[in-house]
Amino acid sequence: TLTTQEIYARSANAEGEKETLEHHLRRASELCGEFLQPVGMEEAGKAIGMLHDFGKSGERFQKVLKGEEHRINHAAPGALIAGGYVVGKDIRPIQAAIASHHGELSYIIPSNEILLGTNDKKNSDGKRYSLFGHDEYAAAINYFNKIVPPNSYHVILPAFDRSVDGATEMMLLYRMLFSALTDADFSSSAEHFEPDYLATHTGSPLDCKSAYQSLQQLIRLKKSSSTANTDLNRMRDELARNCEQA
């Protein structure tokens, strides 16, 4: 049985150091929580960051790092086991972000048949799952519980009604969680090869006042040079006013 020190997330950097899966998960969890803290979802961010690469704990992905395997889907397993570590009324947005973090955002949660080993070992793109069937999942969970105990995260996500506005708000939540995870995953991975990555790739804080002034200047420029239909420009002005009021 592999220990937490022997399971890796990343191949060797210039110093010949491999990054352990535990180190990557903890850093991604820290960053994802930090990114979502301003919108009141820090706990959700920490959970997503910690769980997103659960699938790398299997032997199949470890062989990817050695060049012995390829075309392996390690994202789906984390979505499938999220319910064991996240306590919440509806954690599907969290599961969707994890399942999608190496591809396009999808609202479809992977089937539990992957966990049970009762369906195809490959996804629709022909990639094999890094973990498949009860025995592989049981071993991975046994390893993972040494890093984070079950039911560690208590998450309250917004609830949405069935209106058009509710659907829009739900879509934006899914996108926000997905964006925070992909940023945290990329940034924490980049740090393994470039330790000062965040310091050198982070812009200055948003100055809302100057940004708004720049926007107004741009709108005035667009208006002065517009050759569009008068009615169309009238609708554009109305839309701009609605945005300002909102």
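C243 is exposed at 54% relative accessibility, while C32 is buried at 0%. (Buried means under 20% relative accessible area, exposed over 50%, and partly exposed in between, with a 1.4 Å probe and protein chains only.)

A word on the basis: this is a predicted model, where local features need pLDDT of at least 70, side-chain atom pairs count only at pLDDT 80 or more, and totals for chains, interfaces and linings use all residues. Residues are numbered from 1 along each chain as its sequence is written, and side-chain values use heavy atoms, leaving out hydrogens and water.

On to salt bridges, that is, a side-chain nitrogen of Lys or Arg within 4 Å of a carboxyl oxygen of Asp or Glu. The count comes to 12, and the table has some of them.

| Pair | Closest N to O |
|---|---|
| E22 and R26 | 3.1 Å |
| K63 and E59 | 3.7 Å |

What about burial in these pairs? E19 is buried at 4% relative accessible area, and R10 also counts as buried, at 16%. R26 is partly exposed at 39%. K63 is partly exposed too, at 29%, whereas E59 is exposed at 58%. Beyond simple pairs, R27, E30 and E191 are linked in a salt-bridge network.

Two of the tabulated pairs sit within helices (DSSP runs of H or I, at least four residues, numbered from the N terminus). E22 and R26 are 4 residues apart in α1, about one helical turn; K63 and E59 have that spacing of 4 residues in α3.

Helix α1 covers residues 21-36 and reaches 22 Å from first C-alpha to last, close to the 22 Å expected at 1.5 Å a residue (1.5 Å times one less than the number of residues). Its buried residues include L21, L25, C32 and L36.

Helix α3 (residues 59-65) also holds Q62, which is buried at 8%. Leaving aside residues up to four places away in sequence, Q62 touches E6, I7, Y8 and K56, contact meaning heavy atoms within 4.5 Å.
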